[in-house]
Structures are given as structure tokens and as C-alpha cells.
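Please consult the sequence and structure shown here.

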Amino acid sequence: TPPLLCQKPSNKLCYIIFTSGTSGIPKGVMVSHSALEKTYLSWLKEFNLLPSDRHLQLANLGFDVFIGDFVRALCSGGTLVLLPDDYLLKPKNLYQYMVDKEINSAEFVPAVLLKLIGFLQSSKKNLHFMKRLICGSDLITVKEFKLIYSFCHPQVELINSYGLTEATIDSSYFKYNDSVLSRLNEYSLVPIGKPFSHVQIYIGKEDYRTSPLGVEGEILIGGEALADGYWNQPELTESKF
């Protein structure tokens, strides 16, 4: 059994990470130990994390995906392998590094992953050694998602993750599913899937009333994943939480 966190998590502050979102104005998101632990336990269950997993760290230290990779790897007893900065946009080097370090789990932004797929197309190589491949932090089309899957072993977990810093990194996930994707136009966006067990997602309005089935609305996120608000910005916290 993979090790869990050793002590009961508290609601005390775990970290503050700054994000600007679409506003361009940095704001510090306050995440508790409890929120991070609940997110980790959902990853442990839904992604079948094992001590044999070798995770590749691609994200910058100032990005909450870094925290996700760090926690997924080390709390489950796995290995976290740091990628040299100058390999990120050099797909040939990146691929060889993944092979040499026996990587079987990684989270990519779509732009970097698709650049790697372009190299695989021209070099006749594949990603059959990967157990888990996550796309996150940006949009990806059904056509692109299917192309990525074609270079993986059929048993791979190809995942589109969705989340935001204010809800502790990941809120929902979609695992590659032919029956779902076949019903969508190839230029449609890959679905964000279903919420993790510690998260609730509703479609509603800014006044927090839920929309009737089939009616457009905003995504409202609730549950144990929510951050404690914005550091030293009580009015913004009140309006968003």
C-alpha cells in the first residue's frame, strides 16, 4: 500500500501561490494542508498511483502543477525526476531523457506534448512505455487527443485534467474514452470529465443559483478542495468564494 500523509492534516496554511488568471493582477491563493491532502487522496484513488511510478517534473516551480507532481510522486512512494530546463522545448532531447530515466507518468501542457508528438511522427518512435499521460492547463481538441493516444499503448491512462489554483490544482478529469469522443466533432474541445470525489461541480449563475439541465451557465466549484481565499484581499475573497 502506498504511504499516505503521516499525520492528520490541519486546516492551517500549507502554501500561498500567486496567480493572475485572466486579470493580469497577481493574487496570492491560500491553500490549507487539508485541501491538499484531499486532492492527493483523490489522485491516489483515481490515477492508481504506485511506488513504481516514475514521474517527470515539467512544470515551473512557481506553477501549482509543480506542487501536484511533487505530491503525487513523493506521497505515493514514487520517484520524481526533474527535467533540465533546456530540454522542455527540444522534443528529441525530451524523448531520450524520458527513455533514459524510465519515465512512465507525466503531466504536459498540450503545446509541449504536441511538439513531442510531432517528433515521434517524424522519427517513427512511440510512447508505449508510458503508464499515465496527463494533459492540463490549456485547451486541447478531440483530434489532437486522438493523435496523442495513437502513439501510446492501448492500456495507457490518457487524461485531460481541469482545475484552477483556487480549488487546489485539479477539480475534474476525463480519461480517454472512444465511445464519448466518437460522438464529438474532431475540432471540439475534449471534455473536462467528472469531478474528483472531494469536489462538487455545478452549472449556475453568478448569484450561485444552479441552471436547469441543458442551460448554459458558469462553472461553480465547491467541496473540500477550495482554498481559504486570497492573501490580504478580503473583498476579492468575499466576491469569489
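## Basis of the model

The model is predicted: local features need pLDDT of at least 70, side-chain atom pairs count only at pLDDT 80 or more, and totals for chains, interfaces and linings use all residues. Residues are numbered from 1 along each chain as its sequence is written, and side-chain values use heavy atoms, with hydrogens and water left out.

## Aromatic pairs

Rings of Phe, Tyr and Trp (its six-membered ring) pair if their centres lie within 6.5 Å; planes under 30 degrees apart count as stacked, over 60 as edge-to-face and the rest as tilted. The count by this rule is 12 aromatic pairs. In one of them, the ring centres of Tyr95 and Phe119 are 5.9 Å apart and the planes lie at 55°, so this pair is tilted. Tyr95 belongs to helix α3 (residues 91–100) and Phe119 to helix α4 (residues 110–123), so the pair ties together parts 24 residues apart in sequence. Helices are DSSP runs (H or I, at least four residues), as are strands (E, at least two), numbered from the N terminus.

Buried means under 20% relative accessible area, exposed over 50% and partly exposed in between (1.4 Å probe, protein chains only). Tyr95 is buried at 9% relative accessibility, and Phe119 is buried at 14%. Tyr149 and Tyr176 form a stacked pair, 3.8 Å centre to centre with 5° between the planes. Both Tyr149 and Tyr176 are buried. Ring pairs join Phe145, Tyr149, Phe174 and Tyr176 in a cluster.

## Charge over a ring

The charged end of Arg72 sits over the ring of Trp43, 4.7 Å from its centre. This term requires NZ of Lys or CZ of Arg within 6 Å of the ring centre and within 35 degrees of the ring normal.

## Thr165

Thr165 is in the loop between β7 (157–162) and β8 (172–175), and counts as buried at 13% relative accessibility. Apart from neighbours within four places in sequence, Thr165 is in contact with Ile17, Thr19, Val29, Val31 and Asp64, where contact means heavy atoms within 4.5 Å.
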